[in-house]
Amino acid sequence: MKEKIIKKATDMFLKLGFKSVTMDDIANEMCISKKTIYKYFSNKEKLIEEGTEVVHQKIHSMMDEIVGKNFNAIEEKFQMREMFKEMFQSFDHSPAYQLKKHYPEIYEKMMCTEIEDCSQMFRQNIEKGITQGLYRKETDIESAVKFYYTLIFSINENTMMEKDAYELEAKALEYHTRAIATEKGITELENQLLKSNI
């Protein structure tokens, strides 16, 4: 029952907004009593916290799946972007923006984990791209990782509408890739940009 509550509540939070969904709304949607929810979660914040952890795990599982498909480093980044688009395209408001605005403590806790995990993923992508000749050998990997995650996280936490965040992320992806790409990498980037616009 706990997992069902987390799943339904998280779907509702993401679609309708963290602030606007009440425990009553969740109980009504699931045809259970509010008391049943409180049996597992002492308050709404605990439910949001566990829900964001479930989303975090799902995202990283999907990211690992994409990495496992062994795309080249640039195509891999575009595949990740497509995954995020499919996950969040039905939402009007950016989940990260809402979480930061209404539940800053939960947001900060989530971001600490997210930055660490994403930094590792970005680092692996850059190392892979250097090996494949798509990124320049002299790339300062740590700086490139910090620049990219700063751009991406800043876009997500400061852009209210998910559609706008998605468009800005596309520009950040292109900007970041051009900054570290070799000539071969630029050619691959142009190919991916053409594919993503079709």
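Colleague: Which helix is phenylalanine 84 found in?
Modeller: Phenylalanine 84 belongs to helix α5; helices here are DSSP runs of H or I with at least four residues, strands are E runs of at least two, and both are numbered from the N terminus. This is a predicted model, so local features need pLDDT of at least 70 and side-chain atom pairs count only at pLDDT 80 or more, while totals for chains, interfaces and linings use all residues. Residues are numbered from 1 along each chain as its sequence is written, and side-chain values use heavy atoms, with hydrogens and water left out.

Colleague: Thanks! How does phenylalanine 84 count in terms of accessibility?
Modeller: Phenylalanine 84 counts as partly exposed because its relative accessibility is 26%. Buried is under 20% relative accessible area, exposed is over 50%, and partly exposed is in between (1.4 Å probe, protein chains only).

Colleague: Okay, cavities. How many of 30 Å³ or more does a search of the whole structure find?
Modeller: The search finds 1. About 770 Å³ of space lies in the largest cavity. On a 1 Å grid over the protein atoms alone, a cavity is a set of points where a 1.4 Å probe fits but cannot get out; a pocket is an open set with protein on both sides within 12 Å along at least five of seven lines; lining residues have an atom within 4 Å of a point. Points are joined across faces, edges and corners, and the volume is the space filled by probe spheres set on them.

Colleague: Which residues lie nearest the centre of the largest cavity?
Modeller: Your Phe84 is one of them, along with Ile59, Phe88, Phe153 and Asn156, out of 36 lining residues. Two or more lining residues come from each of α1, α4, α5, α6, α7, α8 and α9. The largest share, 8 residues, is from α7.

Colleague: What about the largest pocket, what volume does it have?
Modeller: About 240 Å³. It has 11 lining residues, and Thr10, Asp11, Leu14, Val55 and Lys58 are the closest to its centre. α1 gives the most to that lining, with 5 residues.

Colleague: Back to Phe153. How are the rings of tyrosine 149 and phenylalanine 153 placed?
Modeller: The structure holds 3 aromatic pairs. In this one the ring centres are 6.1 Å apart and the planes are at 50°, so the pair is tilted. Rings of Phe, Tyr and Trp (its six-membered ring) pair if their centres lie within 6.5 Å, with planes under 30 degrees apart stacked, over 60 edge-to-face and the rest tilted. Tyrosine 149 and phenylalanine 153 are both buried.

Colleague: Why are tyrosine 149 and phenylalanine 153 separated by about one helical turn?
Modeller: Because they are 4 residues apart in helix α8.

Colleague: Nice. Which charged end sits over the ring of tyrosine 166?
Modeller: That of arginine 81, 3.7 Å from the ring centre. Lysine 77 has its charged end over the ring of tyrosine 148, 5.5 Å from the centre. The cut-offs are NZ of Lys or CZ of Arg within 6 Å of the ring centre and within 35 degrees of the ring normal.

Colleague: Last one: which residues of α6 are buried?
Modeller: In α6, residues 95–102, these are Pro95, Ala96, Gln98 and Leu99. They fall within an arc of 165° seen down the axis, so they line one face of the helix; the arc uses directions from the helix axis to the C-beta atoms.
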